[in-house]
Amino acid sequence: MFAVTKEYSDLRCLSSLVRRHFRTLIPFLTVRKTYNVLICLVEMLMATTRCRSRPFIYRVDPCTLCNLKCACCAARGFVTSEKRVMALEDFIHIIRAIERYALRVSLYDEGEPLMNKDLYKMIAYATGKKVSTLVCTNFNLFRKADVEPLFESGLSVLEPCLDGFQQNTYEQYRKGGDVGIVKAGIREVASFKRRHKKKWPFIDVQIILFDHLRREIPLLVQFLKECSVDRITLRKEILGYSAADDRVLPSRILEPPKPRRCYWLYLGMMVRPDGNVYPCCGRGFDRFSYGNILEQDLSEVWNNQYYRFSRALFSRGPALALNKDLEGIPCLSCGCFTKSRTVMNA
């Protein structure tokens, strides 16, 4: 069934995320995973600092390089010491570490996932381990020859980004991109799915509601309806990009009051190509790492001092002592969630 939804930002309440992804996650539930999800939710509600549960939603970035120069993104030209492309054997190691608990692995974050030549092999491996997969992509590298490998991989959700209908509109934000390639790719995948009566992937086209493309929304919706995609998600991002003067303005918070507790610290985990673990999908290179899943056990990372301290910020109690090891924790400066405790220097 075709649907149009509005996804406002990462601050949207957890129930909205559950509703959005419920259909594509249910087939991957097992008794063990269901039990773990329930424990996760209970521990989040109780603001537990040391968790018995393990995260069940993972974002594993296969590549932090990108082929475009989008106005609000530094992925292409940023100089970093981080490893930029994940090796297939490292991805396999990660899946083996999390497969007992993982419901979903989203293969994207800072870069363009299609730049990793092993992407379809990664998806196929995760699918074989009964883990749902999601890929969000600018889709400029997708070609007709990729259609069969995509379907053979068993990808659960495909999220191609289509931020404009005409080329002159599209390229205002997606600099270096070709909207014709993106539209052809969406049409090809949707057609193949319909002709061969495939269940997966669920095609959820993402459109960022920039002011400069709002007049093209009717054209985009009509085109995507004709393609028979499964969903269109209209995203009101916290980007602040203005095509009028081609620059990034201060970020704007376009949300209702902040959630009381960070659900990332209980339900999800972010992993970069070098195996470094982060508490959420906050942007930026060379971030403060909470551990490395290629070098440490999942349980060791999940309940280390960084995670326990971050969770404690959202529990009731006296001020927390901040030692030097904890000074770089990103949760201290995060404004996305309402913290319950103050911090003082040790």
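Predicted model: local features only at pLDDT ≥ 70, side-chain atom pairs only at ≥ 80, totals over all residues.
Reader: What is the volume of the largest cavity, and which element gives the most to its lining?
Author: The volume of the largest cavity is about 50 Å³. Its lining includes L119, Y120 and I123, and the elements that give two or more residues are helix 4 (119-128) and strand 4 (132-137). With three residues, the element that gives the most to this lining is helix 4.

Reader: How many charged residues are there in the lining of the largest cavity?
Author: Among the lining residues of the largest cavity are L114, V135, T137, F139, F142, L150, L155 and L158. By class, the lining divides into 10 nonpolar residues and one polar residue, and the number of charged residues is none.

Reader: Which element gives the most to the lining of the second largest cavity?
Author: The second largest cavity holds about 30 Å³ of space. R20, H21, T24, V157, E159, F202, D204 and R231 form its lining. Two or more of these residues come from each of helix 1 (14-25), strand 5 (157-160) and strand 6 (202-208). The element that gives the most, with three residues, is helix 1.

Reader: How many charged residues are there in the lining of the second largest cavity?
Author: This lining includes E159, D204 and R231. It has two nonpolar and two polar residues, and the number of charged residues is four.

Reader: What span does helix 7 reach from its first C-alpha to its last?
Author: Helix 7 covers residues 179-195, which makes 17 residues. At 1.5 Å a residue, a span of 24 Å is expected. The span in the model is close to that value, at 24 Å.

Reader: Which elements are included in what covers the buried residues of helix 7?
Author: Buried here means under 20% relative accessible area. In helix 7, the buried residues include V179, V182, I186, V189 and F192, and also K183 and K193. The cover over the buried residues includes helix 5 (147-153), strand 5, helix 6 (167-170), strand 6 and helix 8 (217-227).

Reader: Which residue caps the N-terminal end of helix 7?
Author: The cap involves a side-chain oxygen that lies 2.8 Å from the backbone nitrogen of G180. The residue that caps this end is D178.

Reader: Which residue takes a positive phi just after helix 7?
Author: Helix 7 runs over residues 179-195. Just after this helix, a positive phi of about 55° is taken by K197.

Methods:
Residues numbered from 1 in each chain as written. Heavy atoms only, no water. 1 Å grid on protein atoms, 1.4 Å probe; cavity = no way out; pocket = protein on both sides within 12 Å on 5 of 7 lines; lining within 4 Å. Points joined across faces, edges and corners; volume = space filled by probe spheres on them. Helix = DSSP H or I, 4+ residues; strand = E, 2+ residues; numbered from the N terminus. Nonpolar A, V, L, I, M, F, W, Y, C, P; charged D, E, K, R; others polar. Expected span 1.5 Å × (residues − 1). Buried < 20%, exposed > 50% of the residue type's maximum accessible area, 1.4 Å probe, protein only. Contact = heavy atoms within 4.5 Å. Polar contact = N/O pair within 3.5 Å; in protein donor to acceptor, adjacent residues only side chain to side chain.
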